[in-house]
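Load the model in your viewer and keep the sequence panel open. The stops below are given in the order in which to select them.

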Amino acid sequence: MRTNYAMAFILLVCLIGNATAMASEGKNSEDKQSSKDKQSESEQQLVKSKLEPAKAVKPMTNSISKQFEILRNDIPEAKTISEQNGVSIPDAKSVYYPCTRLARAANELKLDSIENASAAIKYLEDDDYKLRFIAASALATTFKTHPNGLSMSDVEERTSPRHAKLVETFKAAIAKHFATK
């Protein structure tokens, strides 16, 4: 009788094993089918994206004022990890941006004419601290006025005598730079 129970148990284990294997094969075939569907969908999207015309990129105008107004609402994304770290500066909406990221935006501004440099000077008095920092950083880099770096409090506190001195330093550097050209 024990052998009958043992045989029945073995038969039952075999049946369960076969049923499990059959179920997993069905599941695998469903997974394979769904992965084929996903692959064909992604291939279709790839072909579709190649056929669609490219999205228009916002052209940067030559006007520094227009570039500053774009930066008021849309700071470029960080390109490196270093642009995601460090001291942060709030904008008018209390969104914080790392100084390194704002400095890269400042470095992309071309202050190659007296008109562009004068327009950047106006943004040193802007309500948005982020734009004041970008303007000061662009001016300091272009005209090499602060080789040891800017004082953040000079940029932040618009009513301080040190801020007024900062503005006068930039104005003198612009006049000297363009007078020699």
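Which helices do the buried residues of α4 pack against? They pack against α2 (64-73), α5 (129-143) and α7 (161-179). Helices here are DSSP runs of H or I of at least four residues, and strands are runs of E of at least two, numbered from the N terminus. Contact means heavy atoms within 4.5 Å.

This is a predicted model, in which local features need pLDDT of at least 70 and side-chain atom pairs count only at pLDDT 80 or more, while totals for chains, interfaces and linings use all residues. Residues are numbered from 1 along each chain as its sequence is written, and side-chain values use heavy atoms, with hydrogens and water left out.

**Helix α4**

Select residues 114-122, which form α4. Its buried residues are Asn-116, Ala-117, Ala-119, Ala-120 and Ile-121. Buried means under 20% relative accessible area, exposed means over 50%, and partly exposed lies in between (1.4 Å probe, protein chains only).

**Salt bridges**

How many salt bridges does the structure hold? There are nine, each being a side-chain nitrogen of Lys or Arg within 4 Å of a carboxyl oxygen of Asp or Glu.

Go to α2 and select Glu-69 and Arg-72, which lie three residues apart in that helix, about one turn. Their closest N and O atoms are 2.9 Å apart in a salt bridge.

Next, select Arg-158 and Asp-127, whose side chains meet in a salt bridge (2.8 Å, N to O). Arg-158 sits in the loop between α6 (152-156) and α7, and Asp-127 in the loop between α4 and α5, so the pair ties together parts 31 residues apart in sequence. Arg-158 is partly exposed at 33% relative accessible area, whereas Asp-127 is exposed at 64%.

Finish at Asp-154, which forms a salt bridge with Arg-162, the closest N and O atoms being 2.9 Å apart. Asp-154 is buried, with a relative accessible area of 12%.
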